Amino acid sequence: MRAIEIREPGGPEVLTLTTREKPVPADTELLVKVLAAGINRPDCLQRQGAYPPPPGASDIPGLEIAGEVIAVGSGVTRFKPGARVCALVAGGGYAEFCCVDETNALPAPGSLTMAEAAAIPETFFTVWHNVFQRGALKSGETFLVHGGTSGIGTTAIQLAKAFGAKVLATAGSEAKCAAMRELGADVAINYHESDFVEAVAAATDGKGADLILDMVGGDYINRNYKAAAMEGRIVQIAFLRGRKAEVDFSLLMMKRLTHTGSTLRARDIAFKAKIAEALRQHVWPLLSERTVLPVMDSIFPMDQASAAHQRMEDGDHIGKIVLDMG
């Protein structure tokens with residue numbers, strides 16, 4: 001099969017089209033003919049040598065796929081050959097074939113293209129766990145998401161709004177702010193023109209945000225504490241501006257804040273299966289009805305994976321970047 005491998009740690013140019021052996025599904029696995037694969041920032045980190053795959057995972061990058069099941073292991077009960085699925089994988093997505101445990105796959109929503117279906121797993125699994133499970137967002141609360149036009153951000157805006165939250169989101173241009181408002185954000189904050197701490201205070205009559213989803217880190221950590229409401233929660237999922245910061249923890253105590261975080265890739269199959277089941281129950285109906293949709297930025301042919309990574313790193317994208325594996 002054809003696959004994209006990381007020749008050596010480095011920039012987008014180190015992604016190389018190569019030939020690998022087709023994987024063989026284990027007892028509870030599906031063998032999927034990959035028709036589309038999502039691009040995610042962890043893929044870029046892996047390419048740079050900063051985010052190695054967990055033990056046992058493929059060294060081929062790619063964390064989310066959509067395609068057709070062409071073979072199943074002897075213990076599979078949920079899917080049959082011919083089924084159209086999308087799936088969260090720990091690696092191996094940038095290839096013509098990929099294996100995944102059946103519990104980490106979901107039926108591709110019938111109203112979506114394969115490219116749209118491939119844009120779902122990594123972002124929707126991440127948002128559901130961190131916003132609704134770990135962050136415990138409730139209807140009527142105020143939710144702030146940084147990076148509101150990223151794949152995570154566009155998903156978080158839509159799902160938070162769909163489940164009754166007031167949504168505030170940050171981005172770095174007026175065009176991105178307009179896109180966030182179109183997705184349902186009640187307040188879009190251009191961080192080049194406004195201090196998000198002041199903007200959150202103005203939008204909440206000084207109360208602050210009940211939940212903040214942050215992928216920025218660095219100096220945002222202190223500012224998140226200031227922007228949070230009493231008993232507020234901050235969930236950390238990345239550190240684009242650095243994982244180290246000087247923080248005034250007195251606000252953590254005085255506001256009785258909870259600051260937590262998580263990574264998804266290294267979690268076991270059973271943990272991801274629970275998220276998949278929650279998504280099937282609560283979010284799949286919204287996708288089928290097209291009430292919530294992955295926001296598509298661009299689709300690149302498989303042999304242009306380097307250009308897709310460059311698009312991600314340039315930071316101009318709005319929504320998901322996907323590889324067409326056909």
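Select Phe196 and Tyr220 in this predicted model; both residues are buried. Their rings form an aromatic pair, with 4.9 Å from centre to centre and 45° between the planes, an arrangement classed as tilted. Phe196 belongs to helix 6 (residues 196–203) and Tyr220 to helix 7 (residues 220–227), so the pair ties together parts that are 24 residues apart in sequence.

Next, select Tyr225 and Phe249. The ring centres of Tyr225 and Phe249 lie 6.4 Å apart and the planes meet at 55°, so this pair is tilted. Tyr225 is part of helix 7, while Phe249 sits in the loop between strand 12 (228–236) and helix 8 (250–254), so this pair ties together parts that are 24 residues apart in sequence. Are the two partners buried or exposed? Tyr225 has a relative accessibility of 2% and therefore counts as buried, the limit being under 20%. Phe249, with a relative accessible area of 48%, is partly exposed.

For another place where rings meet, select Trp128, Phe132 and Phe163, which ring pairs link into a cluster.

Select helix 3 (residues 121–134) and helix 9 (residues 269–282), whose axes come within 10 Å and cross at roughly 85°. An angle from 65 to 115 degrees counts as roughly perpendicular, and helix 3 and helix 9 are therefore roughly perpendicular to each other. Which residues make the contact? On the side of helix 3 they are Phe124, Phe125, Trp128, His129 and Gln133. On the side of helix 9 they are Phe271, Lys272, Ile275, Ala276, Ala278, Leu279 and His282. Sorted by class, this contact of helix 3 with helix 9 has 8 nonpolar, 3 polar and 1 charged residues.

While considering helices, recall one general point. An α-helix has 3.6 residues a turn, so residues three or four places apart point the same way.

The following stop is Leu287, which is found in helix 10 (residues 284–288). With a relative accessibility of 0%, Leu287 counts as buried. Show its surroundings: leaving aside residues up to four places away in sequence, Leu287 touches Pro109, Ser111, Leu112, Ile120, Phe124, Val292, Leu293 and Pro294. Phe124 of helix 3, in this list, also takes part in the contact with helix 9. Then select Gly326 together with Leu287: the two are 39 residues apart in sequence, and their C-alpha atoms are 24 Å apart in space.

Finally, select Glu96, in the loop between strand 5 (84–88) and strand 6 (97–101). Is this residue buried or exposed? Glu96 is buried, with a relative accessible area of 17%.

Conventions
Residues are numbered from 1 along each chain as its sequence is written. This is a predicted model: local features need pLDDT of at least 70, side-chain atom pairs count only at pLDDT 80 or more; totals for chains, interfaces and linings use all residues. Side-chain values use heavy atoms; hydrogens and water are left out. Axes are lines fitted to C-alpha atoms, for helices over the stretch in contact, and angles run from 0 to 180 degrees between N-to-C directions. Helices (H or I, at least four residues) and strands (E, at least two) are DSSP runs, numbered from the N terminus. Angles under 35 degrees count as roughly parallel, over 145 as roughly antiparallel, 65 to 115 as roughly perpendicular and the rest as oblique. Contact means heavy atoms within 4.5 Å. Ala, Val, Leu, Ile, Met, Phe, Trp, Tyr, Cys and Pro count as nonpolar, Asp, Glu, Lys and Arg as charged, and the others, Gly among them, as polar. Buried means under 20% relative accessible area, exposed over 50%, partly exposed in between (1.4 Å probe, protein chains only). Rings of Phe, Tyr and Trp (its six-membered ring) pair if their centres lie within 6.5 Å; planes under 30 degrees apart count as stacked, over 60 as edge-to-face and the rest as tilted.
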